[in-house]
Amino acid sequence: MSEPILGITNWMHLFRWIVKLIRDEYGVDEKVLTRNAVLDGGIGLTAEQLEQVLDHIAETFELTFPENTLNETVRLEDLCTLTAWMRGLFKKPDFVTPLFEERCRSLNKVPA
């Protein structure tokens with residue numbers, strides 16, 4: 001893991017890291033990047049840019065997001081809690097269906 005993410009020990013630290021990533025890489029105002037911000041159309045990023053955000057998170061945290069993750073994660077908080085769960089920093093989020101959980105676990109070493 002790279003040095004800047006070593007201090008991420010819970011989902012709120014991770015949320016802040018994702019907000020900074022989107023702010024710095026795409027110029028999105030932090031006032032828009034709230035927990036309830038809708039990813040698709042709510043934060044001003046295109047589908048391609050959202051995929052780039054996922055790719056950056058995946059690479060940084062050594063994760064593989066299942067295909068169609070952006071269909072499962074509606075809000076910015078969803079993306080954050082999903083990532084935190086896959087890294088063992090948070091309980092399984094309520095929106096994660098059994099099928100999506102299986103897909104996540106098949107691609108990653110998600111802690112029990």
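Phenylalanine 15 is buried, at a relative accessible area of 9%; here buried means under 20% relative accessible area, exposed over 50%, and partly exposed in between, with a 1.4 Å probe and protein chains only. The model is a predicted one, so local features need pLDDT of at least 70 and side-chain atom pairs count only at pLDDT 80 or more, while totals for chains, interfaces and linings use all residues. Residues are numbered from 1 along each chain as its sequence is written, and side-chain values use heavy atoms, with hydrogens and water left out.

The aromatic residues make a handy starting point. A pair of aromatic rings is described by the distance of the centres and the angle of the planes. Rings of Phe, Tyr and Trp (its six-membered ring) pair if their centres lie within 6.5 Å; planes under 30 degrees apart count as stacked, over 60 as edge-to-face and the rest as tilted. The structure has three aromatic pairs. One of them joins tryptophan 11 to phenylalanine 15 in an edge-to-face arrangement, 6.5 Å centre to centre with 75° between the planes. Both residues belong to helix H1 (residues 11–26) and sit four residues apart, about one turn of the helix; helices (H or I, at least four residues) and strands (E, at least two) are DSSP runs, numbered from the N terminus. Tryptophan 11 is buried as well, at 14% relative accessible area. Ring pairs bring Phe90 together with Trp11 and Phe15 in a cluster.

H1 packs against helix H5 (residues 76–86) at an angle of about 125°, with the axes 9 Å apart. Axes are lines fitted to C-alpha atoms, for helices over the stretch in contact, and angles run from 0 to 180 degrees between N-to-C directions. H1 and H5 are therefore oblique to each other: angles under 35 degrees count as roughly parallel, over 145 as roughly antiparallel, 65 to 115 as roughly perpendicular and the rest as oblique. The crossing of H1 with H5 is right-handed, the near helix being turned clockwise from the far one by less than a right angle (anticlockwise for left-handed). On the H1 side, Trp11, Leu14, Phe15, Ile18, Val19 and Ile22 meet Leu76, Glu77, Cys80, Thr81, Thr83 and Ala84 of H5, contact meaning heavy atoms within 4.5 Å. These residues split into nine nonpolar, two polar and one charged; Ala, Val, Leu, Ile, Met, Phe, Trp, Tyr, Cys and Pro count as nonpolar, Asp, Glu, Lys and Arg as charged, and the others, Gly among them, as polar.

H5 itself is mostly covered, with eleven of its eleven residues buried. Its buried residues pack against H1, helix H2 (39–42), helix H3 (47–61), helix H4 (69–72) and helix H6 (98–107). Glutamate 77 of H5 is buried at 12% relative accessibility. Setting aside residues up to four places away in sequence, glutamate 77 touches Trp11, Phe15, Arg35 and Asn36. Aspartate 78, also in H5, is buried at 7%, and its contacts beyond four places in sequence are with Thr73 and Phe95. Just after H5, glycine 88 adopts a positive phi of about 85°.

H1 also packs on H3, at an angle of about 130° and with axes 11 Å apart, which makes that pair oblique too. H1 and H3 cross in a right-handed sense. Leu14, Trp17, Ile18, Leu21, Ile22 and Tyr26 of H1 make this contact with Gln49, Gln52, Val53, His56, Ile57, Thr60 and Phe61 of H3. The tally for H1 with H3 is nine nonpolar, four polar and no charged residues.
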